[in-house]
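Visitor: I would like to learn how to read the strands and helices of a model with some care. Could you take me through one?

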Amino acid sequence: MKYLVTGATGKLGSKIVDVLLQSVPASEVAVSVRNPEKASVLKEKGVDVRHGDFDKPETLKEAFQGVERLLIISADGDNDTRIRQHANAVEAAEAAGVKFIAYTSLADAQQSQNLMAPPHVETEGAIERTGIKHAFLRNNWYLENELGSIQGVRAGAPWVTAARDGKVGWALQQDYAEAAANVLMADDFEQDVFELSGPLHTQAELVEALEEVLGQDVTLQEVSLEAYEGAMRGAGVPEGAIPIVVGIQDSIRNGSLEVESNDFELVLGRPVTPLKEALKQLIDTL
């Protein structure tokens, strides 16, 4: 059996490969990366490091050769770029004769009004049209996405949000990594869509948990979307990223991540790391 993970030098991808190597011989694991030199540590472990650039389809077709089970980790970038790059990866997988594709998608992707949903809708459709057996890992939200705010709070800043009572299924990337690796390795799941959402919490509930973990008071500052935009600009967020961070708050506010599911526990074979414990683990890395 040959497994391949794309984007394996990224934060999520590297964790997934580490989980795989706990159960699968390194000789059965391959990675597709844009810069192979960045994967030298994996190569030293015996992992098959291959060059694969989502913007160069010919490299992907070669990288996917001989692969039976493929995990496509969604790329970074604007929606149009991601749609094009993911289409290249799916086409290359089909051409290479891949037997199974797992893909990291977004919560409730097909019905989502989240500003980040379009690439996932398109990619899920492209994979389905190949007829290849597949699994969609609809990841809710990484707790690591809140690191900047957590660091600000530790320094005495308020927790600023425009998400109101919108709920989020936060979980650690490590939990998402274990789930992805388990699905990639398994043949016995009776479904092909996994809504990977942790227990749902509002911003206020997250702040309450954060106060307990940090042992300090945290001010929750709820503002309008316009005020949030101004706050992010004042905090030095790059101008090009402003619409994204504001749009994410709006998407949460509108309930796009409010997805209840026990799929996470099903795939992990254990409960998702509880929020307070997850926050503690994250803070210990700072």
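Guide: Two strands pair if DSSP finds at least two bridges between them, where strands (E, at least two residues) and helices (H or I, at least four) are DSSP runs numbered from the N terminus. This is a predicted model, in which local features need pLDDT of at least 70 and side-chain atom pairs count only at pLDDT 80 or more, while totals for chains, interfaces and linings use all residues. Residues are numbered from 1 along each chain as its sequence is written, and side-chain values use heavy atoms, with hydrogens and water left out.

Visitor: In which order do the seven strands of the open sheet stand?

Guide: The order is β3-β2-β1-β4-β5-β6-β10, with parallel pairing. β3 (48-51) and β10 (193-196) stand at the edges with a single partner strand each, so one side of each has no neighbour in the sheet.

Visitor: Which residues stand opposite each other where β4 is paired?

Guide: Strand β1 (residues 3-6) pairs with strand β4 (residues 69-72) in the parallel sense over three bridges; Y3 has R69 as its bridge partner, and L4 stands opposite L70. β4 also pairs with β5 in the parallel sense, over four bridges, and here R69 stands opposite F100 in β5. From β4 the chain crosses through helix α4 (residues 79-96) to β5 in a right-handed β-α-β crossover, meaning that, with the strands pointing away from the viewer, the path from the first strand over the helix to the second runs clockwise.

Visitor: Are the side chains of β4 buried or exposed?

Guide: Buried means under 20% relative accessible area, exposed over 50%, and partly exposed in between, with a 1.4 Å probe and protein chains only. R69 and L71 point one way from β4, L70 and I72 point the other way, and all are buried.

Visitor: Which residues of helix α12 are buried, and what covers them?

Guide: In α12 (residues 275-284) the buried residues are L275, A278, L279, L282 and I283. They lie on the same side of α12 because they cover an arc of only 130° around the axis, the arc being that of the directions from the helix axis to the C-beta atoms. Their cover includes α6 (147-154) and α8 (203-214). Contact means heavy atoms within 4.5 Å, and L147, I150 and R154 in α6 meet L279, L282 and I283 in α12.

Visitor: At what angle do the axes of α6 and α12 cross?

Guide: Axes are lines fitted to C-alpha atoms, for helices over the stretch in contact, and angles run from 0 to 180 degrees between N-to-C directions. The axes of α6 and α12 cross at roughly 75° and come within 11 Å.
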